[in-house]
Every structure is written in structure tokens, then in C-alpha cells.
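Please work through the exercises below with the sequence and the coordinates at hand. Each task is followed by a worked solution.

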Amino acid sequence: MRTAEIRSRWLEYFAKHDHHIAPSVPLVSPDPSILFTIAGMVPFIPYIVGTQEAPWPRVASVQKCLRTNDIENVGRTTRHGTFFQMNGNFSFGDYFKEGAIGFAWDLLTTSQADGGYGLDGDRLWVTTWDQDTEAHSALTSIGVDEGHIVRLPREENFWDTGQPGPAGPCAEFHYDRGPEFGPEAEGGTVDPGGDRYLEIWNLVFDQFLRGEGTGKNYPLIRELEQKSIDTGAGLERIAYLLQGKANMYETDEVYPLIATTQELTGRRYGADGEDDVRMRIVADHVRSALMLIGDGVRPGNDGRGYVLRRLIRRAVRSVRLLGVDEPVLPELLPVVKDAMSLSYPELERDFATISDVAYGEEEAFRRTLVAGTTILDTAVGRAKSAAGEAGRPQLPGTDAFALHDTYGFPIDLTLEMAAEQGVAVDEQGFRDLMAEQRERARADALAKKSGHVDPAHYRELQDRLGGSTLFLGYTDTTAEARLVGLLVDGRPVPAATAPADVEVVLDRTPFYAEAGGQLADQGTIRLQGGGIVTVDDVQAPVKGLVVHRGRLTEGTVTLDETGVASIDAARRTAIARAHSATHMVHKALHESLGEQATQAGSENAPSRLRLDFRHGAQVPSAVIGEIEERVNTLLAEDLDVTDAVMDIEDAKASGAMALFGEKYGSRVRVVSIGGDWSRELCAGTHVPRTGNIGRVTLLGESSIGSGVRRVDALVGAGAYGYQAREHALVGQVTSLLGGRPEELPERVSSLMSRLKAAEKELAAVRRQQLLAGAGTLADSAQDVDGTLVVVHDAGEVAGGDDLRTLVLDVRGRLGEARPAVVAVAGTSNGRPAVVIATNAAAREAGLRAGQLVRGAAGRLGGGGGGKDDVAQGGGTDPAAVPSALDGVLDDVRGVVAR
């Protein structure tokens with residue numbers, strides 16, 4: 001069974017069991033505290049820990065994941081890999097242990113012909129918490145061998161977040177691969193050594209609220225009011241089980257890369273241990289690189305970009321060590337694209353872009369390798385000579401630094417290549433030299449804003465200026481100024497002619513450089529000689545130096561030329577409204593939540609703001625409403641907004657708030673709103689009075705990381721436009737329901753109540769009608785070679801529970817004197833369901849409800865399962881109900897005829 005089919009069967013199975021199917025989120029993690037999506041549960045963490053209400057009671061997904069914490073072990077073992085896919089099903093206050101265990105057992109053991117994975121249930125082992133009697137009972141009730149249930153202490157079988165919050169036991173399904181993979185389990189363990197007992201599915205039961213403690217030594221305070229299920233089944237592990245392979249590197253999505261590498265290198269996989277390691281590195285890393293680039297990651301020198309760069313470099317170098325010096329990604333990348341696009345068709349669509357990025361990175365690294373490898377080999381030779389025969393050779397930190405700084409060799413590559421030749425590296429010496437470059441590293445971090453300009457150029461300009469740029473923007477929107485610095489392509493030039501991208505430094509400016517969350521000004525600089533620069537961005541790469549980045553659209557500009565700098569005043573005013581509103585929302589948060597709700601970041605843009613603040617829990621919507629009302633009340637009071645420059649100690653004494661992590665000089669600017677109501681250290685621009693802001697509309701609040709929340713808001717024209725759209729919507733609903741706008745909540749509530757009551761009444765009538773026919777159905781039983789058989793299409797029903805009640809009632813009426821089988825099907829919300837029950841005499845004759853229901857559900861386009869006495873299934877094709885019931889009769893005849 002191909003990996004793509006295993007994936008689709010997972011999603012289809014849970015869709016048939018009323019799960020919302022969530023698409024995989026990108027590998028770039030939605031959780032800002034981690035670089036990548038490292039587990040299938042990551043997108044659902046807010047629902048699991050209770051910070052957000054889940055939009056669905058049950059959900060399933062196949063999530064793309066990436067882990068690089070043990071990248072050095074990739075290839076050296078067949079267990080380690082970076083990219084993987086995690087099947088998961090989740091329940092938020094819906095089904096719990098019995099349901100999760102039932103789904104797992106059913107999907108794993110149902111035959112492949114009936115839509116399952118067809119694993120032998122007698123080879124499944126399950127580990128549970130030794131105090132979890134509920135999970136143990138659920139496992140034995142579905143037929144798990146008592147001897148295959150291993151009960152473990154909390155230290156070995158319990159999940160938590162590492163801090164107070166949700167926690168709970170697990171049920172880990174393992175599969176016995178046979179004696180060829182290791183010794184038999186003994187003494188209450190399923191991991192005696194080797195790869196025999198493979199964990200394939202972990203069910204986590206989020207059952208308790210845990211307290212403070214370290215490790216697993218913490219109290220379980222109470223059971224959670226809303227319990228959750230969080231499961232993970234490794235797609236690659238299931239794939240190599242079902243494909244009869246020894247490990248994930250031999251599966252259909254990975255092995256084609258190894259096969260292609262064999263063709264490129266002339267080496268044979270399995271013939272040499274080191275060659276095998278290199279081929280596995282190639283297979284894993286090229287696949288991971290494809291998926292990362294497809295999700296928008298680009299090679300870089302830090303963060304996610306550095307991880308991608310490292311993956312590509314390790315893959316390219318591994319092929320080089322296998323004897324191939326030519327570019328290989330043009331041969332390898334299309335192979336993995338073909339393998340993975342069955343599950344991710346967007347890879348086919350975006351392959352032109354993906355391949356351009358990958359091939360360009362490979363070519364750049366090949367140039368690096370040619371130069372750097374020669375230098376490294378020379379340095380390694382010197383280190384060996386210096387150490388002599390007795391000592392352990394060590395590469396000096398200066399050589400490692402030179403390789404990094406001059407040839408682009410990352411330290412991990414130097415460590416790896418040196419270790420292959422038996423040479424250690426003075427890593428601490430390297431780190432010390434890197435620390436001396438921190439000033440340049442900070443400038444590189446601003447690369448996006450400064451265009452990779454050497455910081456020395458900026459410092460030279462500042463020296464020429466004689467200090468800082470004079471900022472006039474607090475009072476002026478235009479200013480006469482002298483051009484004291486001009487850069488093109490990151491280099492100082494005496495003049496530039498249109499068209500050109502330029503960086504301009506003036507001796508004085510009204511332009512605000514992006515800082516403190518406030519976006520930069522935009523506008524124009526018109527020089528005396530006719531040159532016009534359209535300013536798109538303004539930065540301060542060196543403290544005090546304002547650099548205008550833009551486009552020279554007309555004429556020529558030269559150093560020492562004078563001109564007029566003008567900002568987009570309307571845009572500046574809109575940003576100033578947002579900035580003043582941010583201060584007010586910040587103060588209102590303090591009033592409502594406490595002084596600990598301090599700002600952790602912000603963005604002030606035209607007509608909108610974003611404020612991040614520290615707070616450990618979700619802010620109730622009622623509190624958000626109170627904050628919005630408080631801010632707008634103060635807007636209407638038209639409070640003064642003033643500023644003053646003072647010594648920092650005087651500012652703190654006045655109650656001015658200093659933001660954590662910000663650096664301040666001895667003299668600071670303090671912005672006050674309403675006298676001493678709000679007072680913050682701030683260098684940004686503001687409105688003169690709160691009445692100029694107009695209105696603030698808070699759009700909502702959410703979590704962006706551990707202990708950090710975010711509120712988004714519209715300001716001024718943005719808020720008024722939003723209010724107008726809401727007013728129009730209220731008008732439409734009012735015209736539909738009648739009455740006045742203030743009556744809408746009551747009318748909608750009343751309408752919903754009547755609808756729910758009508759649905760409940762209708763369901764009760766249908767249930768009553770359904771059950772009233774039990775006697776008639778029992779009387780209509782057919783005699784099939786001595787077995788009483790009832791098959792019935794109940795039509796539209798409220799749900800499977802009603803069918804189950806009817807089936808059990810009819811079975812009871814038929815008694816135990818003769819074998820009896822009852823099968824009733826119905827349709828609920830457009831989806832067919834079937835329930836089958838057998839009495840003891842029928843089961844003795846070989847008629848088992850679980851087997852019969854799988855056949856019926858299969859004819860309905862779905863699947864099902866259960867116990868021998870009663871089982872339930874469902875499908876997707878209501879029109880197939882008659883043929884499914886006829887099939888039950890045929891199946892019964894087939895069994896009794898034997």
C-alpha cells in the first residue's frame with residue numbers, strides 16, 4: 001500500500017466517523033516559540049490546553065512535521081529523519097478513552113479490502129499507565145490480548161506540557177514485527193532491544209489538571225471538566241510496516257531518492273556502511289528541503305533559512321563524498337517531487353520556483369566547497385603536524401573562524417569534516433571570535449532594511465555629519481536639508497542618475513525612521529538640481545543616523561546638494577492616531593488586567609494597530625469590550641497629548657512606563673495623555689489631542705506564544721469603515737427578522753430556541769415511530785436455512801443511536817431459541833449508517849456482527865466494525881442502502897451454507 005493511500009485512508013476513515021478534516025498547516029510553525037511544526041498536535045495546542053475554544057468537537061489531520069534537533073544522527077541510524085508526516089485524531093470534550101481506543105483498533109485491524117490497514121490484532125501490544133483502569137477495560141473489551149497490555153508507571157507513560165496545566169496517561173500501540181527484528185518481550189516490557197516492537201500509534205488522554213513539580217513528580221489536582229484526546233500515528237512507520245520494508249528509507253516516498261543516488265554514483269546501497277549513511281542523508285535531506293521550500297522557507301544565515309541551507313549543504317556534500325562533483329539536485333529533486341506530489345499536489349504546481357531556489361543554493365555551495373575544502377584540508381594537516389603522533393590534533397578557533405567568515409563554512413560543517421579526519425576543533429575559540437563580531441551581526445540582522453550595507457559606511461557618514469541627523473518631524477512635515485550621504489548598491493557614491501535605487505542621508509529631516517513599533521514615513525525629497533527621490537522606507541542602521549531608502553525617479557543627485565524633504569502628511573497623521581491609540585489601549589489593559597500586562601511589541605500603521613502584551617490567560621470578550629469602551633470614552637473627552645524631554649530618573653519618578661528590553665539614554669522623551677493618566681517613554685509621533693483619533697475598534701485577542709497575547713484594532717477611518725459595514729449588516733438582518741436593531745439578540749435567540757425545540761420534537765417523533773415498529777419487524781423475520789434474519793431500511797433517522805436501540809429491541813423479541821440476525825440501516829444528515837446484531841445462537845453458528853457490518857458498510861462506500869454481538873458502520877452513498885441490506889442476506893446465506 002503506497003504512503004499516499006495510507007494517508008488518504010486515514011482521512012477517509014475519520015471523515016466517516018464525523019471528524020472535521022483539517023489540512024496540514026505549513027512546516028513554518030504557527031507557534032512563534034518554535035521554528036517548525038514539530039508534531040501533529042501543534043496546530044491544536046490552544047484547544048488542548050484550553051486557551052481557545054475548539055471550532056469542532058472532533059478533528060483529524062495528516063500534518064507535515066520537521067525536527068532537526070538530532071540532524072547529526074540522520075543517516076547513521078534508520079530511525080532518525082528530519083521530515084515526517086504525523087497522522088492524528090483529536091477530540092475536544094467529545095469522545096474519550098473508549099472511543100479513541102476503538103477507532104485505533106478498528107482502523108489498524110480492519111482488512112485492507114474493507115478500508116483498514118489490515119494489521120494482525122494478535123501482534124499488537126499496548127502500553128498503558130498502571131493506574132488507568134478505564135483504558136485497560138476498553139482495550140480488553142475490544143479483544144486485545146490481556147498478555148499484550150503492558151502497564152507502566154507514570155514516569156514511563158504520562159504526558160504533560162512541562163508546566164502546570166493539562167496532563168494525562170497514554171495508550172501506546174506497538175506492533176510485533178517478528179523474531180527477525182529482535183528478542184521476544186518479557187517481564188512487562190515491549191522494548192527489550194532491537195526494532196521488533198515498533199510503536200505506531202500513541203493515544204494521549206488529556207484527563208487531569210497537574211500542579212507544580214519537576215519531571216513526573218507533580219500532583220494531579222483534579223480531573224478536567226473538558227477532557228481531550230490527542231493522538232499521533234507516524235505515517236512513515238505505518239508505511240514501512242504495510243510495505244514490508246525494514247525502515248522508512250526503503251518506503252515508496254524515500255527510496256526513489258536512494259535509487260537515483262545509486263545511478264548517479266555507481267555505488268550500491270547495502271554494500272558499504274558509510275556509503276549507506278551518505279545515501280540516507282541525501283534521501284532525507286533532499287525530501288526535507290523540497291517540503292521546506294514549498295512552504296515558503298528560503299536559504300539564509302539564521303533561523304529557518306539556516307536549517308534549510310544546512311540540509312541542502314549536507315546532502316550536496318554527501319553526494320560529493322560518493323564521488324560525484326557535478327550538480328545533483330536537478331536529478332534528485334524531480335524524483336522526490338514525483339513521489340510526494342501524490343499527497344501534496346501543490347509541489348507540482350510550484351516546482352519551478354522550488355527548483356530555482358534549490359538549484360541556486362546548490363551552485364553557491366559547490367563554489368564554497370571548492371575553495372573551503374582546500375583551506376580546511378590544509379588547516380587539518382597543520383593541526384596534525386603540530387600535535388605529533390602522541391597528541392590529539394585540534395583545529396584552532398582562528399582557522400574555523402576564517403572558514404566561516406571568508407568562505408561561508410558554517411561551524412557545524414567544519415566540526416563534521418574535521419571529525420571525519422580525526423581532528424577536534426577549538427569551538428570555544430571560534431565562539432569568542434564570533435562574539436567580537438556582534439556589532440556586525442546586529443547590522444546583518446537588519447539586512448532586509450539596510451540592503452547588506454557594510455556598517456562601516458554608515459559610521460563614516462555619521463562622522464562626516466558630525467553626530468546625529470536632526471529630526472524635525474515632531475513639528476514639521478517638510479524641511480530644507482543638505483544631502484550629506486549617498487549610497488547606491490550599498491556603496492558610497494558622489495552622485496547618482498535616475499533610474500536608481502538609492503539611500504540618502506540628510507543633515508536634517510522630517511522623516512521618522514521605523515522604531516518602537518511605528519512604521520517609517522514615506523514621501524519625497526526634491527533636490528535643487530532637479531533630482532526627485534521617492535522615499536519608501538526610513539531606517540536608523542546606526543543610532544542617530546537617519547537613512548532614507550527609495551527610488552531616484554528623475555534627474556541627478558549629488559553630495560552637498562540642498563533640497564526639500566516632504567513626508568506624506570496624511571499617512572503620518574493616520575500612523576500618529578494609531579500610535580496614540582496604542583498607548584491608550586496599553587493603559588486600559590493595565591487598568592483591567594493589572595500592571596503585569598506590559599507591552600511586548602507593537603505595530604502602528606495607517607488606520608490600524610497591533611499590541612502584544614504579557615498575560616498568562618485568554619482575556620474574556622467582556623473585558624475586551626470594557627477596554628474598548630474605556631478608550632472611546634476618553635477619546636470623546638478630547639484629552640491633551642503632550643511630550644517632554646527629561647532625565648530618565650525624573651521620568652521614572654513621574655510614573656512614566658519604560659518597556660522591558662528597551663534601551664534608553666540618560667535623556668528621554670515622555671509622552672503623556674490626559675496629564676498623568678497615561679505616561680510612557682516614547683520617541684514616536686502622536687496626535688495633539690485624543691479627539692483627533694476618532695474611534696478605536698478592537699477586533700479581538702489571541703495567543704501568540706507562551707504568556708504573550710495580541711490585540712488587533714482599527715483606528716480612525718479604519719474603525720469608522722468597520723462600524724459602517726457592521727451597521728449595514730445589522731440593517732440586513734433586521735429587515736429579515738423584523739423589529740428594531742436592539743431587539744435582534746432576543747429575536748435570534750428565540751428563533752434558535754424554536755428551531756432547536758422543533759428539531760428535538762421531530763427527532764422524538766421519528767424515534768417513537770421507529771421503535772413502534774419493532775414488533776412488526778420481529779414478525780417479518782425471514783428464515784434463511786434455519787436462521788431468523790431481519791433486514792430493514794428505516795429511512796431518515798436522527799442518528800445511529802436510534803438504529804442501535806431498534807436493532808437490540810428486535811433481537812430481544814426474536815429470543816435465543818434459534819439463530820437470529822437483525823440488520824437495520826438508515827440515513828442521517830445525508831450519510832447512511834447500518835447497525836447489525838446477532839444472538840448467542842447465531843454467533844455459535846459463525847455469524848458475527850462485526851464481520852457482517854464491514855461488508856454492509858463497504859457497500860455503502862464506508863467502513864465499520866464492532867463486537868461479535870453488535871456492530872455499527874457508515875458510508876457515503878445513501879442510494880446503496882437496499883443493496884447493502886441485500887448483501888447482508890447473501891452474507892448470512894454464505895455462512896450458514898458452510
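The exercises that follow concern a predicted model.

**Exercise 1. The sheet around strand E33**

Task: Determine the strand order of the open sheet of 6 strands and state which strands are its edge strands.

Solution. 
Step 1. Reading across the sheet gives the order E30-E31-E32-E33-E35-E34, and the pairing is mixed.
Step 2. Strand E30 (782-784) and strand E34 (863-866) each pair on one side only, and these are the edge strands.
Step 3. From one strand to the next, the twist averages 20°.
Step 4. Within this order, strand E31 (residues 787-796) and strand E32 (residues 820-828) are parallel partners joined over 7 bridges. In that pair, Asp 793 faces Ala 825 of E32.
Step 5. Helix H26 (residues 849-859) lies across E32, strand E33 (831-838), E34 and strand E35 (870-874). The direction of H26 is at about 155° to E33.

**Exercise 2. The crossing of two helices**

Task: Classify the orientation of H6 and H7 to each other, and describe the residues of their contact.

Solution. 
Step 1. The axes of helix H6 (residues 255-265) and helix H7 (residues 273-294) come within 9 Å, crossing at roughly 125°.
Step 2. The crossing of H6 with H7 is right-handed.
Step 3. H6 contributes Leu 257, Ile 258, Thr 261, Gln 262 and Thr 265 to the contact. These meet Met 279, Arg 280, Val 282, Ala 283, Val 286 and Arg 287 of H7.
Step 4. By class, the residues of the contact comprise 6 nonpolar, 3 polar and 2 charged.

**Exercise 3. Two residues and their surroundings**

Task: Decide whether Val 645 is buried or exposed, do likewise for Thr 469, and list the contacts of each beyond four places in sequence.

Solution. 
Step 1. Val 645 belongs to strand E25 (residues 641-647). Its relative accessible area is 52%; the cut-off for exposed is over 50%, so Val 645 is exposed.
Step 2. Beyond its neighbours within four places in sequence, Val 645 is in contact with Arg 667, Val 668 and Arg 669. The C-alpha atoms of Val 645 and Val 668 are 5.5 Å apart, although 23 residues separate them along the chain.
Step 3. Thr 469 is placed in the loop between helix H17 (455-465) and strand E12 (470-471). Its relative accessible area is 8%; buried means under 20%, so Thr 469 is buried.
Step 4. With neighbours within four places in sequence left aside, Thr 469 is in contact with Leu 506, Asp 507, Arg 508, Thr 509, Gly 544, Leu 545 and Val 546. Arg 392 is 77 residues from Thr 469 along the chain, and their C-alpha atoms are separated by 55 Å.

**Exercise 4. Helix H13**

Task: Identify the buried residues of H13 and the residue with positive phi that follows this helix.

Solution. 
Step 1. In helix H13 (residues 411-420), the buried residues are Ile 411, Asp 412, Leu 413, Thr 414, Met 417 and Ala 418.
Step 2. Gly 422 follows H13 and has a positive phi, near 75°.

Conventions
Residues numbered from 1 in each chain as written. Predicted model: local features only at pLDDT ≥ 70, side-chain atom pairs only at ≥ 80, totals over all residues. Heavy atoms only, no water. Pairing = 2+ DSSP bridges. Helix = DSSP H or I, 4+ residues; strand = E, 2+ residues; numbered from the N terminus. Axes fitted to C-alpha atoms, helices over the stretch in contact; angles between N-to-C directions. Contact = heavy atoms within 4.5 Å. Buried < 20%, exposed > 50% of the residue type's maximum accessible area, 1.4 Å probe, protein only. Parallel < 35°, antiparallel > 145°, perpendicular 65-115°, else oblique. Left-handed = near helix turned anticlockwise from the far one by under 90°. Nonpolar A, V, L, I, M, F, W, Y, C, P; charged D, E, K, R; others polar.
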